[in-house]
Amino acid sequence: MISAAVGGRGRFPPTVWALALSLVLSSTLLGGCGSNQGTTSEPAATPTAQAASFGEIVGAPQRSEHRGDDELLSAGLGLPGLRALTPPELADPAAPSAAELRRRAVWANWRGIADLRPGEHGEAYGSLAAVPGIEVRVQGRLRDSGAEHHLLFQLPDDFNAERPCLVVSAASGSRGEYGAIALVGGWGLPRGCAVVTTDKGAGSHWTQGDGAIHVPHAHSGQHPEAHWGEFVLAAAEFGLQQLSAERAQRYDADTTQILAVGISNGGGAVLQAAGISESLFDAVIAIAPNVLPASGGRALYDYATEAALLMPCAMLDPRFESVPFARPQPLGEARCRLLAERGEIDGASVAERSAAALARLRQGGWTDAALDTAGFSAAFDLWRAVGVTYASSYLRADAQSMPCGYRFEFQDAEGRPAPASAPQQALWWSDSSGIPPSAGVKLIESPSAQAPADDPGFAGLACLRDLWLAEHSPVHGAVNATRAALPPTALPIYVLHGEADGLVPIAFSSQPYVEWLQSEGRRPVFERLPDAQHFDAYVGLPPWSGKHPALMPHAYALIDRAVADLAKH
């Protein structure tokens, strides 16, 4: 996500910007549906009758077959096609086909999550060999709350009927239903497992109407984050039902090994699910999870809005002189002055104020390792995008009444507000990361007479922060509704997190979650990966090259470990 307000293309060398732009626009934490996005779509087989306590299906599932040059794992792109810096071309941009949209969605979600450089995914670990099979996509609804989500079921032709397995996941960030393919698809499909994924009520099924753009994570009115765990459990139920229908025999938790696996927000979702389900999962594996335990931790909204305000000033401190993406800070001096005027920091000089801002971050629990990669999120405006979307969700705002004067807006090639055409809207589903700015939709802040000319975004960011700081803010109740409950004592929990994660710092999420489990007599497996940060897709950027190991090979190994541990018992 790029914002001109953060400094524009002049901040980094053109080669860095070209690569970073291609990656950022297809990723972050922060990916229409129906038959028009399948391949040779047809109604799916009716699932066999099984008890479903969490979810129900809305409308007819759409089934599609994927073989030959359009298979399950990479939509036929293979490693060379996924490595391309631009999405697959459309034969007719005015009328993208269902197969083309699916291929672009697969491309975008692989590139947003995985390190696809030579010698990495598909070569040193994992496989991108073609996996033929079938897909079923459907819209679902939670029985209790009515919250809606989109599901993707994938069944490889070489499903392991002797040792049946189902991998259940939730999309990373706010991505669509293909938003976990690099993790659970990449691990599970080549091993003969069925895979089912939920977009957990967020996703890229954006719509346009009444002069506004509706983004489900922000505008559904359903506070989807509070239901992440239920979405995962509903996905597991649907996966078992669909597997039973496709194989014409009953599959359930007694006959099928069921793994819940997720990364980032998807990792938080499977941990939420672990605290709800008594016996559905055989193991839960969470990678760099955005999780808030019932006791301890810091909420993403809390530290994201703090970082959005403080980091441009803090990164003027000399310790950031050689930290990638931390410099230059074109708004830094103005931000330091405005923070001092707001009473956030002390000091008379820029040096004193930047030191004070850095001290505030450290007092809040930011480690030096996390700060050294958080500059990326500041440089590419991720903190503001997260704050705006999550605040809108927590306040159940609609697209016309987003908090703090923000709105989402489609712009034409000249940067002017314009309605999106039908083909452009189709690309929202395939190309977006689930949170604007993405796929041509911008994050716009309404101009304010009080906005400082040298830091025009400050007022909006301060407003977002005040929503958290206010004593009786409804944001607090919304955030508390997302806390993970305690999982069953016998459920194996595996957690992997990078110690240099600057988007979801380990000190705010995995570490307090694991410590809480341990204090309650649980015995989770907790792997801390030195120097690893949040985004595998960016570890090859020139400023970071060779500094940070990728998470995904360790994630695959951790799933392997979980399966091996289960086999021992």
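This is a predicted model: local features need pLDDT of at least 70, side-chain atom pairs count only at pLDDT 80 or more; totals for chains, interfaces and linings use all residues.

Biologist: Which other strand pairs with β13?
Modeller: Strand β14, residues 525-529, pairs with β13 in the parallel sense over five bridges. Within that pairing, G498 is opposite L529 in β14.

Biologist: How does the chain cross from β13 to β14?
Modeller: The chain passes through helix α16, residues 510-519, and this β-α-β crossover is right-handed.

Biologist: Is β13 mostly covered or uncovered?
Modeller: β13 is mostly covered, since six of its six residues are buried. Both faces are covered: I493, V495 and H497 lie on one side, while Y494, L496 and G498 lie on the other.

Biologist: Let us go back to β10. Which strand do five bridges join to it?
Modeller: That strand is β9, and β9 and β10 run parallel. A260 has V284 in β10 as its bridge partner.

Biologist: Which helix belongs to the unit that β9 and β10 make?
Modeller: It is helix α7, residues 265-274; together with β9 and β10 this helix makes a right-handed β-α-β unit.

Biologist: And what pairs with β9 over four bridges?
Modeller: Strand β5, residues 165-170, pairs with β9 in the parallel sense. There, V167 is opposite L259 in β9.

Biologist: Why is β9 described as largely enclosed?
Modeller: Strand β9 spans residues 257-263, and six of its seven residues are buried, so the strand is largely enclosed by the rest of the structure.

Biologist: Now for the helices. How many residues of α4 are buried?
Modeller: Eight of the eight residues of helix α4, residues 181-188, are buried, and the helix is mostly covered. Among these buried residues are I181, L183, V184 and W187.

Biologist: How are two packed helices described?
Modeller: They are described by the angle between their axes and by the distance between those axes.

Biologist: What are those values for α8 and α10?
Modeller: Helix α8, residues 300-314, and helix α10, residues 350-363, pack at an angle of about 140 degrees, and their axes are 8 Å apart. The crossing in which α8 passes α10 is left-handed.

Biologist: Which residues meet in that contact?
Modeller: From α8 there are E306, L310, M311, C313 and A314, and these meet R353, S354, A357, L358, R360 and L361 in α10. Sorted by class, the contact has seven nonpolar, one polar and three charged residues.

Biologist: Turning to the loops, where is A248?
Modeller: A248 is in the loop between α6 and β9. Its phi is positive, about 55 degrees, although A248 is not a glycine.

Biologist: Is A248 buried or exposed?
Modeller: A248 has a relative accessible area of 69%. A residue counts as exposed when this value is over 50%, so A248 is exposed.

Biologist: How far apart are the C-alpha atoms of A248 and E230?
Modeller: They are separated by 27 Å, and the two residues are 18 residues apart along the chain.

Biologist: What is phi for R396?
Modeller: Phi of R396 is near 55 degrees, a positive value in a residue other than glycine. R396 is in the loop between α12 and β11, and at 47% relative accessibility R396 counts as partly exposed.

Biologist: One last topic: which peptide bonds are cis?
Modeller: The bond from R327 to P328 is cis, with omega near -5 degrees, and P328 is in the loop between α8 and α9. A cis peptide bond also joins P436 and P437, with omega about 5 degrees. P437 is in the loop between α13 and β12.

Definitions and conventions:
Residues are numbered from 1 along each chain as its sequence is written. Side-chain values use heavy atoms; hydrogens and water are left out. Axes are lines fitted to C-alpha atoms, for helices over the stretch in contact, and angles run from 0 to 180 degrees between N-to-C directions. Helices (H or I, at least four residues) and strands (E, at least two) are DSSP runs, numbered from the N terminus. A crossing is left-handed if the near helix is turned anticlockwise from the far one by less than a right angle, and right-handed if clockwise. Contact means heavy atoms within 4.5 Å. Ala, Val, Leu, Ile, Met, Phe, Trp, Tyr, Cys and Pro count as nonpolar, Asp, Glu, Lys and Arg as charged, and the others, Gly among them, as polar. Buried means under 20% relative accessible area, exposed over 50%, partly exposed in between (1.4 Å probe, protein chains only). Two strands pair if DSSP finds at least two bridges between them. A crossover is right-handed if, with the strands pointing away from the viewer, the path from the first strand over the helix to the second runs clockwise.
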